[in-house]
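Subject: Structure handover

Hello,

Here is the structure we talked about. Please open it and keep it on screen while you read.

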Amino acid sequence: MAPLPFVLTIFAASVAAGLLGSLLGLGGGIIVVPTLTLLLGIDLKFATGASIVSVIATSSGAAAAYVRDRITNMRVGMFLEVATTSGALVGAFLVGIVAPRFLYLLFALMLGWSAVNMVGRRRVEIPEPASPDRFSRRLSLAGSYYDAALERQIQYRAGAIPFGFGISFIAGLVSGLLGIGGGVLKVVAMESGMRLPLKVSTATSNFMIGVTAAASAGVYFARGQINPLIAAPVALGVLTGATLGARVMTRIRSRTLRFIFVPVLLYTALQMLGRGLGVYIP
């Protein structure tokens with residue numbers, strides 16, 4: 001492919017990745033990696049490096065807007081980041097000891113259950129506030145934000161803190177063992193487990209994945225996996241898409257957001273199931 005169409009294709013795919021990533025609290029790798037490897041024939045190691053860049057760009061483009069609009073709950077994010085980082089460290093230690101196939105199947109099962117759970121609550125706009133427990137009271141894991149789509153202030157409080165902390169630990173564990181992003185599980189842990197509003201969950205996940213990716217980007221750079229000719233259009237495209245996505249997210253209802261999230265959840269579950277069974281699914 002000629003240089004200009006090559007760059008424009010990467011840029012267009014990256015805009016879509018940034019838009020979807022900022023809406024759903026994901027890194028955008030779900031679009032960037034298949035586009036670079038399958039469509040453009042780029043080596044997987046450079047695609048993975050570009051994926052890390054896309055995570056940082058998504059977080060940079062969207063997280064600032066979400067923090068400004070008070071949709072991100074930084075206290076919840078930093079609390080769960082402790083679990084995610086701990087899980088990632090344990091996962092890195094267990095590489096080569098635990099069979100990846102078992103983990104892929106476990107991951108697929110968890111995502112499938114989460115998708116079914118979300119479908120069951122498809123008509124729920126804002127979940128009922130969780131009953132305050134000693135953890136949420138002591139850690140002040142509560143907040144409020146103005147929902148522009150509903151035109152009212154939303155008050156919420158996190159519940160089931162041990163469950164959310166445990167799922168976040170597993171998200172980090174899976175990420176460290178399998179080298180995949182844990183954004184999907186983080187959103188599930190906050191939305192389904194801790195009963196936070198979906199917008200708060202995706203915005204807080206955006207904040208968290210940026211912190212994690214920034215910590216690991218240096219490793220990818222030192223390994224020579226970040227190619228500037230690929231990473232530059234990815235960063236610009238994702239930043240554009242994420243900025244646009246941050247504006248869209250505040251104006252749509254949570255039910256619409258859930259309608260977009262479930263197919264992504266099912267696709268990721270199918271992908272993990274395929275890897276667990278030894279069947280390649282792009």
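Below are the findings, taken one region at a time.

Bear in mind that this is a predicted model.

**Helix 1**

Start with helix 1, which covers residues 3–24. The helix holds 22 residues. From first C-alpha to last, helix 1 spans 31 Å. That is close to the 32 Å expected at 1.5 Å a residue.

Several of its residues are buried. Among them are Ile10, Ala13, Ser14, Ala17 and Gly18. Leu20, Gly21, Ser22, Leu23 and Leu24 are buried too. An α-helix has 3.6 residues a turn, so residues three or four places apart point the same way. Keep that in mind as you look along the helix.

What comes after helix 1? Gly25 follows, and its phi is positive, near 75°.

**Two partners of helix 11**

Now find helix 11, residues 254–277. Helix 1 packs against helix 11 at an angle of about 110°, and the two axes are 10 Å apart. Helix 1 is therefore roughly perpendicular to helix 11. The crossing is left-handed. Which residues of helix 1 meet helix 11? They are Leu20, Leu23 and Leu24.

Val184, Val187, Val188 and Glu191 supply the helix 8 side. They meet Arg258, Phe261 and Leu265 in helix 11.

Helix 9 runs over residues 198–222. Thr204 lies in it. Is Thr204 buried or exposed? Thr204 is buried, because its relative accessibility is 0%. A polar atom of the Thr204 side chain lies 2.7 Å from the backbone oxygen of Val200. Setting aside residues up to four places away in sequence, Thr204 touches Ile71, Thr72, Asn73, Gly77 and Met190.

Ala217 also sits in helix 9. Its relative accessibility is 15%, so Ala217 counts as buried. The cut-off for buried is under 20%. Beyond its neighbours within four places in sequence, Ala217 is in contact with Ile52, Ile56 and Ile226. Ala217 and Ala50 are 167 residues apart along the chain. Their C-alpha atoms are separated by 9.9 Å.

Most residues other than glycine have a negative phi. Where do we find positive values in other residues?

Ser140 is one case: its phi is about 55°, and it is not a glycine. Ser140 is in the loop between helix 6 (134–139) and strand 1 (142–147). With a relative accessible area of 41%, Ser140 is partly exposed.

Ala160 is another residue other than glycine with a positive phi, near 45°. Look for Ala160 in the loop between strand 2 (152–157) and helix 7 (161–178). Ala160 counts as partly exposed, because its relative accessibility is 34%.

Please go through each region in turn.

Best wishes

Definitions and conventions. Residues are numbered from 1 along each chain as its sequence is written. This is a predicted model: local features need pLDDT of at least 70, side-chain atom pairs count only at pLDDT 80 or more; totals for chains, interfaces and linings use all residues. Side-chain values use heavy atoms; hydrogens and water are left out. Helices (H or I, at least four residues) and strands (E, at least two) are DSSP runs, numbered from the N terminus. The expected span of a helix is 1.5 Å times one less than its number of residues. Buried means under 20% relative accessible area, exposed over 50%, partly exposed in between (1.4 Å probe, protein chains only). A polar contact is a pair of N or O atoms within 3.5 Å; within protein, one must be able to donate a hydrogen and the other to accept it, and residues adjacent in sequence count only if both atoms are side-chain atoms. Contact means heavy atoms within 4.5 Å. Axes are lines fitted to C-alpha atoms, for helices over the stretch in contact, and angles run from 0 to 180 degrees between N-to-C directions. Angles under 35 degrees count as roughly parallel, over 145 as roughly antiparallel, 65 to 115 as roughly perpendicular and the rest as oblique. A crossing is left-handed if the near helix is turned anticlockwise from the far one by less than a right angle, and right-handed if clockwise.
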